[in-house]
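Subject: Structure handover

Hello,

Here is the structure for you to look through. Please open it beside this email and follow along.

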Amino acid sequence: MKSILVADDSAVARTMLTRVLVGGGYRVVAATDGIEAVQQAFAEMPDLIVLDITMPRMNGHQVCRLLKRNPAVARIPVIILSGAETRGLEFWSLRTGADAFLYKGGLGSELLTVTGDLLAAAGETATSEALRPNVPTPVEILSEVCALMDEELDASTIARIQLKTILENLEDGVLTLDMDRRVTAVNHALCRMLGRDESKLLAESYAEALGEPASSATLEALDTALTGGALVSIDSEVVDG
């Protein structure tokens, strides 16, 4: 019988997930927060892991990143769940290394289908007792999470510096947006075109920055780009009034 680790701080959600998975013929091991999820992953070496995003002490994204960087457990498929249908959540969840993303509202046959597909793709990778890794302590887990966050912060800082350097050497006007369509960076060329200071443009919405109402087609294209979809192209004309 395949074993599945279910990590969710909601007792109701854990019960619901357990019923679905047990009904599908799986053995379920439960965890109530992020640290417990990591410990259970090492202790049980489950065949698959189901993680809620929002959990105490460590969220699902942090747990997934931690597990996927450790060779002892990295091969275990991970499904990340969310009860909130937030734009871009699937894209960023998969960026953590998760093998699949599902919304809790539609669970049932979909969860069993995805679970079956992932287990079939993973194949048989049983670990002997002699090779089982040691279960990390909460202090060791939190220490590794802090180190991971430092690495990501350093990489993010370097990426921002590289992006800024590239933007400032372009003659074309360029701006970057966050998931809420607010400006996070803008180059001097665009500032000159708009006659605006960079400090005034930062954190403005796309429409505010360009001084025009965003059409539904433009917003749809932006959503597609921001959620990791296909590349899109939008033509916008800046007219000096």
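First, some ground rules. This is a predicted model, in which local features need pLDDT of at least 70 and side-chain atom pairs count only at pLDDT 80 or more, while totals for chains, interfaces and linings use all residues. Residues are numbered from 1 along each chain as its sequence is written, and side-chain values use heavy atoms, with hydrogens and water left out.

**The sheet**

Helices (H or I, at least four residues) and strands (E, at least two) are DSSP runs, numbered from the N terminus. Five strands form an open sheet, in the order E2-E1-E3-E4-E5. The pairing is parallel. Two strands pair if DSSP finds at least two bridges between them. Which strands stand at the edges? They are E2 (27-31) and E5 (100-103). Each has a single partner strand, so one side of each is left without a neighbour in the sheet. On average, neighbouring strands are turned by 20° against each other, direction ignored.

Now look at two of the pairs. E1 and E2 run parallel and are joined by five bridges. Here Ala-7 stands opposite Ala-31 in E2. E3 (residues 48-52) and E4 (residues 78-82) pair in the parallel sense over four bridges. Here Leu-51 stands opposite Ile-80 in E4.

E1 is mostly covered: five of its five residues are buried. Buried means under 20% relative accessible area, exposed means over 50%, and partly exposed is in between (1.4 Å probe, protein chains only). In a regular strand the side chains alternate between the two faces of the sheet. In E1, Ser-3, Leu-5 and Ala-7 point one way. Ile-4 and Val-6 point the other way.

**The helices**

H1 lies across E1, E2 and E4, and runs at about 165° to E2. H2 (residues 34-44) lies across E1, E2 and E3, and runs at about 145° to E2. Axes are lines fitted to C-alpha atoms, for helices over the stretch in contact (heavy atoms within 4.5 Å). Angles run from 0 to 180 degrees between N-to-C directions.

Why is H3 (residues 60-68) described as largely enclosed by the rest of the structure? Because seven of its nine residues are buried. Among them are Gly-60, Val-63 and Leu-67. At the start of H3, a side-chain oxygen of Asn-59 reaches to within 3.0 Å of the backbone nitrogen of His-61.

**The cores**

In soluble globular proteins, nonpolar side chains tend to be buried together. A nonpolar core here is a set of buried Ala, Val, Leu, Ile, Met, Phe, Trp, Tyr and Cys residues joined through side-chain atoms within 4.5 Å. The largest one has 29 residues. Those with the most contacts inside it include Val-38, Leu-51 and Ile-80. E1, E2, H2, E3, H3, E4 and H6 (138-168) each give two or more residues to this core. H2 gives the most, with five residues. Apart from this core lies another, of 16 residues, among them Leu-48, Ile-79, Leu-107 and Leu-118.

**Single residues**

Start with Asp-8. It lies in the loop between E1 (3-7) and H1 (11-23). Is Asp-8 buried or exposed? It is buried, with a relative accessible area of 1%. Its side chain reaches the backbone nitrogen of Ser-10 at 2.9 Å. Leaving aside neighbours within four places in sequence, Asp-8 is in contact with residues including Arg-14, Asp-52 and Lys-104.

Arg-14 lies in H1. At 18% relative accessibility, Arg-14 counts as buried. Its side chain reaches the backbone oxygen of Asp-8 at 2.7 Å.

Ser-82 lies in E4. It is buried too, with a relative accessible area of 5%. Not counting residues up to four places away in sequence, Ser-82 touches Asp-52, Phe-101 and Lys-104, among others.

Last, the cysteines. Cys-64 counts as buried, at 0% relative accessibility. Cys-146 counts as partly exposed, at 46%.

Best wishes

How values were computed:
Polar contact = N/O pair within 3.5 Å; in protein donor to acceptor, adjacent residues only side chain to side chain.
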